[in-house]
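Subject: A structure for you to explore

Hi there,

Here is the structure I promised to pass on to you. Open it beside this email and follow along as you read.

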Amino acid sequence: MEKNGKGFSMPKSSLKSTPSKDDSSQKSKEGRKVQFNNGGSPEERFDYSKSNGKSSSSADKGGRGNTANVKASKSKEKEPLELRLNQELLKNAKCLMDCEAAEIIQGIQDQMTLLSQDATIKLPVSFHKGLQYSQANARYTNTHSVRRVLDTLKKHGVVEGEISVIANACPESTEEVFALVPSLKSKKSILQEPLEVALMVIKPLRKVDSTSV
Amino acid sequence: MFFHIVLERNMQLHPRYFGRNLRDNLVSKLMKDVEGTCSGKHGFVVAITGIENVGKGLIRDGTGFVTFPVKYQCVVFRPFKGEILEAVVTMVNKMGFFAEAGPVQIFVSNHVKIQKDSEVRLKIIGTRVDATEIFCIGTIKDDFLGVINDPTTT
């Protein structure tokens, strides 16, 4: 291979198999150093890690940045909120907000009054408790709008369980959201603005409760 | 919190229920068996919302009962660690108080004066799951948690 190849052109695709000086092939597995000598420019050094083959001149920074990102994501994986872990347990389940659940359970109760010809079908205690609880916590006048607005947060990485907690809590501020759902704190910078917008939109949809202060 | 989930169950039906109303009988038996129960994995089954699929029945040797695999949709209530809930206080004792959120009972160890029928916002810090029941422990000693409504002031 020519050492100072004038006609050597750098391939734009992955450089893992870049031909280089004999020295570099004997170097450690962690990185390869390739030296290119162009016509009029001084020597330029590119460091390539095995994992990526970026060919930009900022590969140095890029390489370091990538390893930093890999480490950061690993530490995030170590401390997930239980809500996230249990999303895997209930893979086929759709997470419901209390207002959505109230609508569904109320619908079933209405059906039951029609089907009450069969006296042996009695609604269990947990049904009534579930209905009572969901109706007490159903605080929005329009559940579909709330669902649509909060689903926009999904593209910022918020999972369904977190969206339900946010909806059920009726938070006044983004501070409250980050305090109640600590798993979102890591994405605070990304989520701050979209969350503020979402809360502003759903606030007028709240039912006015005469007993609340 | 509430979930909408598809579950599957093998239902055994006695031949006396066969005939024109086989499917209806199967569905009512399912409702009697499942609604109101609690499993550690899915939580409390609050209500069945629909039947997705009834598979082919298999006659069991020796008994004559037929087993049908039934897929059904239902609303379940399953509390999770880290979840924020609003619950109503049902019992107060020296160690703390019991609060109820839907079909779930949550215990909070607390020394602030609290009354029965108050509404509290709490965070679930632990769940113990049995084969048929779920017990929860909660806390109100965190940001944005605590008593919401006091029955004496309203």
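Which side chain meets that of Glu86(B) in a salt bridge? The partner is Arg139(A), with 2.2 Å from N to O. A salt bridge here is a side-chain nitrogen of Lys or Arg within 4 Å of a carboxyl oxygen of Asp or Glu. This pair crosses between chains, from strand β6 of chain B to the loop between α5 and α6 (143-151) of chain A. Glu86(B) is buried, with a relative accessible area of 12%.

Before you go further, please keep in mind that this is a predicted model: local features need pLDDT of at least 70, side-chain atom pairs count only at pLDDT 80 or more, and totals for chains, interfaces and linings use all residues. Residues are numbered from 1 along each chain as its sequence is written, chains are lettered from A and ligands numbered from 1 in the order in which they are written, and side-chain values use heavy atoms, with hydrogens and water left out.

Buried means under 20% relative accessible area, exposed means over 50%, and partly exposed is in between (1.4 Å probe, protein chains only). Helices (H or I, at least four residues) and strands (E, at least two) are DSSP runs, numbered from the N terminus.

Chain A

Nine helices and three strands make up the elements of chain A. Their order from the N terminus on is α-β-β-α-α-β-α-α-α-α-α-α. Chain A has 213 residues, and 34% of them count as buried.

Helix α7(A) is largely enclosed by the rest of the structure, because nine of its ten residues are buried. Among the buried ones are Gly161(A), Ile163(A), Val165(A) and Asn168(A). Just after this helix, Cys170(A) takes a positive phi of about 50°. Cys170(A) sits in the loop between α7 and α8 of chain A, and Cys170(A) is buried too, at a relative accessible area of 9%. Phe144(B) belongs to the loop between β10 (134-139) and β11 (146-149) of chain B, and at 36% relative accessibility it counts as partly exposed.

Side chains of opposite charge can pair when their charged atoms come close. Over all chains, the count comes to twelve salt bridges. One of them joins Arg121(B) and Glu176(A), whose closest N and O atoms are 2.8 Å apart. This pair crosses between chains, from strand β9 (residues 119-129) of chain B to helix α8 (residues 174-180) of chain A. Both Arg121(B) and Glu176(A) are buried.

Another pair stays within chain B: Lys29(B) and Asp33(B), with 3.5 Å between the closest N and O atoms. Lys29(B) and Asp33(B) are four residues apart in helix α1 (residues 22-34) of chain B, so about one helical turn separates them. Lys29(B) is partly exposed at 29% relative accessibility, and Asp33(B) is partly exposed at 29%. There is also a network, in which salt bridges that share partners join Glu100(A), Arg147(A), Asp151(A), Lys154(A) and Glu160(A).

A cavity

Rolling a probe the size of a water molecule over the atoms shows where empty space is left. A cavity is a set of points, on a 1 Å grid over the protein atoms alone, where a 1.4 Å probe fits but cannot get out; lining residues have an atom within 4 Å of a point. Its volume is the space filled by probe spheres set on the points, which are joined across faces, edges and corners. The count comes to one cavity of 30 Å³ or more, and the largest cavity holds about 60 Å³ of space. Strand β6(B) gives three residues, the largest share of the lining.

Happy exploring!

Key:
On a 1 Å grid over the protein atoms alone, a cavity is a set of points where a 1.4 Å probe fits but cannot get out, and a pocket is an open set with protein on both sides within 12 Å along at least five of seven lines; lining residues have an atom within 4 Å of a point.
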